[in-house]
Every structure is written in C-alpha cells, then in structure tokens.
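Here is a short report on the pockets and surface of one protein model. Please keep the structure in view while reading.

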Amino acid sequence: MSEHIVYRKDGAVASLRFNRPEKKNAITQAMYATLAEALADAAADADVRAVGLFGGDVFTAGNDIGDFLAAGSLGVDRLDDLAVAKFLRTLAAFPKPIVAGVKGAAIGIGTTMLMHCDAVVAGASARFAMPFTKLALVPEGASSVLFPLIAGRMRASWYLLSGEQFDAATASELGLVTKRCDDADVDGAVAMMCGVLAELPPNALATAKRLLKAPFAPLVDAAFAAEFESFAAALRSSEAREAFMAFMQR
Ligand code: COA
C-alpha cells in the first residue's frame with residue numbers, strides 16, 4: 001500500500017485521497033496499485049455505499065513524469081500490465097457511485113479519471129488540462145471516447161488536441177463538472193452528495209449506474225485497448241523522452 005493514498009471508511013461512505021503534496025499529488029505506479037486495491041475493497045464491502053475521491057490544494061498533477069520515462073522502455077503488453085491500467089479498468093467498472101472533489105490542478109489522468117466518476121464538484125481554484133500532445137503523448141483513460149460524449153466532439157477535440165487548460169466555469173459548461181463552489185466547501189459538498197447516495201437502496205443504485213454506463217462500456221473497452229497501443233508507441237518516441245527530460249530538468 002502506498003502511503004501517498006489515504007483510504008478511509010466512515011460508515012457507508014469511503015474516501016480516497018491523494019496525499020503526495022510535495023509532488024503536487026503526481027501519481028506513481030505504487031499509488032495506482034493502491035487506488036485499484038482500495039476500489040476493489042470498496043466494491044466488495046457491502047457496508048460501503050458511495051466513495052468520495054479527493055486531492056488537497058491540488059487534485060493531482062497527473063502521472064508521475066519520471067514514471068513515464070521509465071515506462072518508455074516497456075512494450076504495449078507490458079503497459080497494459082501496469083498498475084495504471086488496472087486502476088483505470090477498476091474505476092471504469094466500479095459498481096457504486098463515486099463523487100470527486102477538485103481543487104487546484106487536475107492534469108492529464110487527473111482530468112480523465114473524472115470522466116469515469118458519477119459526479120464532480122469543482123472549487124473556484126480548480127484547473128483542468130489534458131496536455132498529452134504537449135508531452136508528445138496521446139489521450140488515455142478512454143478520454144478519446146468519453147470526452148466527446150461529455151462535451152461534444154468539437155469542444156473535446158480542442159482541449160484534447162491543444163492541451164489548453166480550462167477553469168471550473170468552463171468545465172461546468174463542458175459537462176465535466178456537476179457542481180461548483182468555493183474551495184472551502186468542496187470536501188463538504190462531496191461528503192453531502194455521497195451521504196445522499198449512501199441513503200438510497202443500494203441494489204437500485206447499482207443497477208441505475210450499470211444502466212447509465214452499459215451503452216458506452218464496449219466503447220470504453222475498445223478505447224482503452226487502442227489508446228494503450230498508441231500511448232506505448234508515443235512513450236517510446238524520442239519527442240516524448242525530450243519532453244519528459246525538459247520537465248525533469250526545469
Ligand atoms: N510528475 C512528477 N513530478 C511532478 C509532476 C509530475 N506530473 N508534477 C509536479 N511534479 C513535481 C515537480 O517536479 C516538483 O518537484 P521538486 O520540488 O522536487 O522540483 C514538485 O512536484 C512541485 O511542482 P512545481 O512544478 O514546482 O509546482 P507548481 O505549483 O509550480 O506547478 C503544476 C504545479 C501541476 C502546474 C506543474 O507541476 C505541472 O505542470 N506538472 C506537470 C503536469 C503534467 O504535465 N502532468 C502529466 C500530464 S499527462
């Protein structure tokens with residue numbers, strides 16, 4: 001278990017919190033593994049009815065760029081074996097409601113993981129970006145299919161191709177954010193929404209979530225496979241290595 005992920009159960013609501021503030025909550029393979037284990041535990045625990053997903057002042061700066069450098073030497077099959085793939089597949093298939101609370105930066109997978117959640121609360125400081133192309137990478141997390149579904153293809157294209165950052169108001173207009181509030185109210189709003197969901201009949205809730213996601217599940221599976229293949233090729237490219245080195249040597 002990575003100490004950089006805090007997993008707690010408080011009655012019917014579980015919480016997962018990124019806790020690596022010194023690195024802006026950048027996510028390592030060990031953290032993905034812990035996230036996947038915690039989600040599996042929350043799915044299996046009948047007492048858990050809803051999950052809150054939190055960062056701190058920053059939600060997460062996305063995948064640890066040092067890990068990207070190391071992963072560049074792996075083939076596509078190995079990439080699919082990485083903890084990040086397990087985390088994404090576990091999140092996509094998670095049967096109970098997940099509500100995320102975002103303050104500060106939610107970058108790369110920090111934004112794409114929100115597309116698998118059931119509700120997203122954004123504080124005034126929330127900033128979203130999917131700067132894959134800036135790092136010579138390609139969309140991941142099934143964002144190539146989920147973001148067009150959420151935001152419409154043209155708007156998704158702009159933010160996925162340009163990597164341009166957007167704020168909470170724009171994220172709300174794009175359909176990525178359910179509620180906006182002051183930063184100080186984010187955790188409370190997530191707790192309140194999880195509490196509301198946790199009171200509802202769990203079987204009906206699970207069925208409703210499954211029905212909502214079922215039409216898109218084959219598309220999400222296909223996107224994971226296609227994106228992993230392209231992502232593995234991109235990770236090995238010299239332009240990506242240059243971009244990672246440039247970040248590491250700032
Ligand atoms: N991977 C590894 N380390 C990261 C990181 C990442 N994704 N994001 C931040 N860090 C580290 C920095 O290297 C720095 O480490 P150091 O103190 O040992 O030098 C520390 O976290 C603080 O980051 P810093 O950039 O100084 O903070 P900031 O407040 O000026 O900026 C961000 C915050 C999130 C805007 C900026 O760190 C950033 O752009 N990170 C990269 C985001 C990214 O491209 N992610 C991948 C998406 S595919």
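## The model

This is a predicted model: local features need pLDDT of at least 70, side-chain atom pairs count only at pLDDT 80 or more, and totals for chains, interfaces and linings use all residues. Residues are numbered from 1 along each chain as its sequence is written, and side-chain values use heavy atoms, without hydrogens and water.

## The largest pocket

The largest pocket has a volume of about 830 Å³. A pocket is an open set of points on a 1 Å grid over the protein atoms alone, where a 1.4 Å probe fits, with protein on both sides within 12 Å along at least five of seven lines; lining residues have an atom within 4 Å of a point. Its lining has 34 residues. Closest to the centre are Met115, His116, Cys117, Asp118 and Lys213.

Helix α10 gives the largest share of this lining, seven residues. Helices (H or I) are DSSP runs of at least four residues, and strands (E) of at least two. By class, the lining has 25 nonpolar, three polar and six charged residues.

## The second largest pocket

This pocket has a volume of about 600 Å³. Of its 23 lining residues, Ala26, Ala61, Asn63, Ile65 and Phe247 are closest to its centre. The largest share, three residues, comes from α2.

Leu149 sits in helix α6.

Terms used:
Grid points are joined across faces, edges and corners, and a volume is the space filled by probe spheres set on the points. Ala, Val, Leu, Ile, Met, Phe, Trp, Tyr, Cys and Pro count as nonpolar, Asp, Glu, Lys and Arg as charged, and the others, Gly among them, as polar.
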